[in-house]
Amino acid sequence: RGASALPEETLDPATWQWTASDKLFVEMLRQAHALGMKVIIDGVFNHMGKGSFAMQDVFSNGVNSACADWFDIEDWGPPVKYKSWDGSGWLPNFRKDPDTGIASDSARKYIFDVTRRWLEAGVDGWRLDVAPDVPAPFWVEWRRLVKSINPEALIVGEDWGIAAAHLQGDQWDATMNYPFATWATRFFIDRQRKISASEFDRQLKQLLRSRPMAVNFVMQNLYDSHDTDRLVNMILNPDRDYDGCNRPQDGCPYDGRKPGPEAYRVMKLMVTFQMTFVGAPMIWYGDEVGMFGADDPTDRKPMLWKDLMPYSNPRDVVLDDLYEHYRKLILCRKHLLPLRAGIYQALLTDDAKDVFAFTRTLGKKVVAVILNNSEKEQIIEIPRLWPADGPVVDALGGKVEIVAPNKVRVVLPAKGAAIVFDGC
């Protein structure tokens with residue numbers, strides 16, 4: 001928040017006022033909860049804005065500022081020189097300490113007061129921006145506060161790696177699962193660097209082994225975000241490092257045009273996997289209606305809404321079939337409990353046919369997911385994993401035949417999938 005927006009902001013939470021936008025957000029929380037929805041918000045506890053009340057006080061009062069020990073000050077000047085997260089001076093860093101995480105007692109208290117304020121207002125958790133940039137002792141202490149107010153509050157760290165040390169129950173509950181996205185793009189998208197079905201299974205198992213199983217079930221499985229190009233354009237630009245060379249304005253040879261139907265067909269296959277693998281699918285807004293484009297700022301364009309069509313750009317249209325695909329898969333997750341809480345096991349890795357299948361098992365309930373990553377129709381036979389006296393169906397509406405007491409045949413279209421379960 002800039003000083004001009006909230007000139008009255010102080011270090012004493014007893015003086016804080018609810019702004020009109022604060023009140024609107026709290027009302028949105030109330031209505032979301034009435035609909036059974038949870039809301040998590042962003043916690044940026046590594047840096048503040050140059051225009052924040054704290055940094056403005058440093059500029060005005062120098063070493064005598066009440067916030068003088070908050071930031072990485074290199075020279076008190078004038079002018080004041082400081083380290084910033086973005087390197088350009090707009091986002092001054094909080095000063096770190098290996099034993100406490102954030103060096104300033106008053107900065108830590110301020111962050112804790114902010115945390116308490118929003119949890120008590122009803123937010124359901126936090127997504128932690130550049131979380132590895134803050135030493136772990138801060139997160140241990142901060143988690144205790146969060147869970148003391150709301151034991152069910154979700155804590156998700158933005159970490160592009162495995163982050164196993166942060167996921168042992170004393171810091172974060174989960175991360176944005178970028179390794180999941182990395183290996184999925186290697187299997188579903190890449191051509192020259194493509195990995196086989198068996199290698200994909202090996203990498204997925206390695207990911208699951210790298211974290212406690214309880215953590216795996218709440219990992220935010222994403223393909224794209226505010227920091228990457230759109231998924232459908234990843235498909236149009238294969239064989240790059242994940243999130244690499246995807247900003248045309250930087251001189252990268254990147255195709256940011258709206259892809260054709262073939263790319264969206266691959267996208268549907270990838271979404272099927274995302275919605276059925278272990279973890280919590282995270283959708284970057286607009287993917288579900290077909291939004292496209294390169295990395296920042298294109299990936300942050302306004303949401304497309306059907307009731308606002310037509311747009312000035314005729315390529316900006318809501319893709320009804322893609323939206324319905326997302327909707328159908330979300331309903332599958334809702335009604336097929338193994339897709340949310342079932343154990344993962346590979347069922348088939350046919351490298352020659354480029355077919356990958358796995359099961360999610362919860363008690364006696366089994367769901368099989370079969371993915372045809374090839375460019376041609378495949379007829380696949382899998383073991384019958386369901387009672388012999390009941391029907392076996394594909395939740396996506398495909399053709400499933402019982403061909404023997406212990407065998408099921410599935411017909412998969414090119415770049416198509418089946419979600420097979422006991423239809424009783």
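Reply: Grid points are joined across faces, edges and corners, and a volume is the space filled by probe spheres set on the points. This is a predicted model, in which local features need pLDDT of at least 70 and side-chain atom pairs count only at pLDDT 80 or more, whereas totals for chains, interfaces and linings use all residues. Residues are numbered from 1 along each chain as its sequence is written, and side-chain values use heavy atoms, with hydrogens and water left out.

Let us start with the second largest cavity, whose volume is about 40 Å³. Its lining consists of Tyr 223, Asp 224, Leu 231, Gln 274, Met 282, Ile 283, Trp 284, Asp 287 and Tyr 326. Six of these lining residues are nonpolar, one is polar and two are charged (Ala, Val, Leu, Ile, Met, Phe, Trp, Tyr, Cys and Pro count as nonpolar, Asp, Glu, Lys and Arg as charged, and the others, Gly among them, as polar).

Around the largest cavity sit Asn 177, Phe 180, Leu 204, Leu 207, Leu 208, Arg 211, Asn 216, Met 219, Asn 221, Phe 277 and Val 278. Helix 6 (residues 197–209) contributes the most to that lining, with three residues; helices (H or I, at least four residues) and strands (E, at least two) are DSSP runs, numbered from the N terminus. The lining of the largest cavity comprises seven nonpolar, three polar and one charged residues.

Now for the open space: the largest pocket holds about 1,100 Å³. It is lined by 22 residues, and those closest to its centre are Lys 38, Val 39, Ile 40, Leu 154 and Gln 220. Helix 1 (20–34), strand 1 (40–43) and strand 10 (280–281) are the elements that give two or more residues to this lining. Strand 1 gives the most, with three residues. By class, the pocket lining has 14 nonpolar, three polar and five charged residues.

Technical notes. On a 1 Å grid over the protein atoms alone, a cavity is a set of points where a 1.4 Å probe fits but cannot get out, and a pocket is an open set with protein on both sides within 12 Å along at least five of seven lines; lining residues have an atom within 4 Å of a point.
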